[in-house]
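Work through the two exercises below with the structure open. Each task is followed by a solution in steps.

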Amino acid sequence: MSRVWAYGFGLGLTLLVAAPGFGDPRWDSYPLSTYPMFARPRGRPTLHFAEAVDARGERLRVSPELVANQEVMQAAATVKRAVRAGPEAMQALCERIASRWSPAAHGRAREIALVSATFDPVGYFTRGPEPVSRTVHHTCPVPP
Amino acid sequence: MNALDRRFYAAIPAERLGVLRLLIGAFATLYLAVRFTSFTSLSRFSAHEFDPVGPLFWMPEPLPRVLLFAFTAATLLLGVAFSLGFRFRVSGPAFAIAFLLLTSYRSSFGMKFHTENLVCLHALVLGFSAAADAVSFDARGKPRPSAHGRYGWAVRTLGLLTVVTYVLAGVAKLRLGGDGWFSGEVLEAQIAYDNLRKIELGSLHSPLGVALLSVPALFTVLAWLTLLVELGAPAALLGGRWALVWSVFAWGFHASVLVTMMIAFAYPLSAVPYLAFFRAERWLATRPFRWMIRRLEQPIDSLAPRAAPGD
């Protein structure tokens, strides 16, 4: 392995990995990143999720596998992207979740809802878990 | 140039790089094996959810299900060859690139898996270095190479990349979090939010992290410790006790992230990325390694530790 390769590739890759540190600190990609994930002040973050609603109006939790895969945060990101993309994307995702909903495994549900809720993170634990605000963006029926 | 050579192109034993290849490769391969269904289930996403990142920026649409499965399986097999140092001239670069593409693909559906960045970068360095000249199938029956800069640069680059990623994370906290980071306010809100979203989304949250929220002053201390670990990472490049102390702190930092937020940065928690700061080849004389090496290459008798130049 030549010295030129060692310096070119080794130091070149190191500089490439370090380069995002000199730009916008919010920039994030893969495998290069500024690693902004824990750095931002959170304020009152909004969480996106899907929920099922039964005949009595009770809300049931939708497991991430029904939204995307077993990765919880990837499921949340999927709902967020659909909400941002608009009615067509929300309808497609909602129908996909509804088609995967099994009354035997998940309970009887009337509809699926795509929801966003804004929280006060510390207040959630110190004052109570009610969100500051809550919006139902889209609903679709669960096939019988 | 000589001073830089002594630090970067340092004469380091091939065994050290070989051990690092074996352990980093084994970690990456095991990681893929454990998360195999997580990788292959990406085919459940629809085309409009595909937002390619990094080296996949050019991809117009996601892979067909069969191709994704085949590519994940092939990467796993390449990982085995990479770890064992089997036909490394091909398997080394092939696994490094396949792992980069596969993990990039996984981060192309709305969430970036920062837990995979460092192991991916380390695999790239190893894949394009002479990492199988010792402690490998390829080294069977060949004379032991002497310590050389062609092994040293790769070991040094592994360490540099580890340091740079920590410093970047620290710099981002200073630039984005500002005063809130020094007061512990941002960290407190981060731990609260992370546990909140896990509760709301039906995942495992940390009761310890929730309990700590009743002691706000603690977050000031934890925030300063976090910055100390991240911005103090260059100390590891000094080697010796500096590297040991920093590595223990860095591991402790990830352990505390695990117990307060249930976020497992599996690679640093395995301690494998920190090994580039130490004379990892010394372990070759220990019983578990001797057993493993006996099956990899012969003769074993020559693997006793010796003076390691370049430190």
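**Exercise 1.** Describe the contact between domain 1 of chain B and domain 2 of chain B.

Solution. Eight residues of domain 1 of chain B are in contact with seven residues of domain 2 of chain B, where contact means heavy atoms within 4.5 Å. The model is predicted: local features need pLDDT of at least 70, side-chain atom pairs count only at pLDDT 80 or more, and totals for chains, interfaces and linings use all residues. Residues are numbered from 1 along each chain as its sequence is written, chains are lettered from A and ligands numbered from 1 in the order in which they are written, and side-chain values use heavy atoms, with hydrogens and water left out.

Step 1, bounds: domain 1 of chain B covers 12-147 + 285-301 and domain 2 covers 162-270, as set by an automatic or database domain assignment.

Step 2, area: the two domains of chain B bury about 720 Å² between them, 77% of it on carbon and sulfur atoms; this is the accessible area (1.4 Å probe) that two parts lose on being put together, summed over both. On the domain 1 side, B:Phe27, B:Thr115 and B:Leu118 lose the most area, together 68% of what that side buries.

**Exercise 2.** Find which elements of domain 1 of chain B touch domain 2 of chain B, and characterise H2.

Solution. Step 1: H2 and helix H6 (117-127) of chain B each give two or more residues to that side; helices are DSSP runs (H or I, at least four residues), numbered from the N terminus. H6(B) gives the most, with four residues.

Step 2: in H2(B), 16 of 21 residues are buried, that is, under 20% relative accessible area (1.4 Å probe, protein chains only).

Definitions and conventions: Buried < 20%, exposed > 50% of the residue type's maximum accessible area, 1.4 Å probe, protein only.
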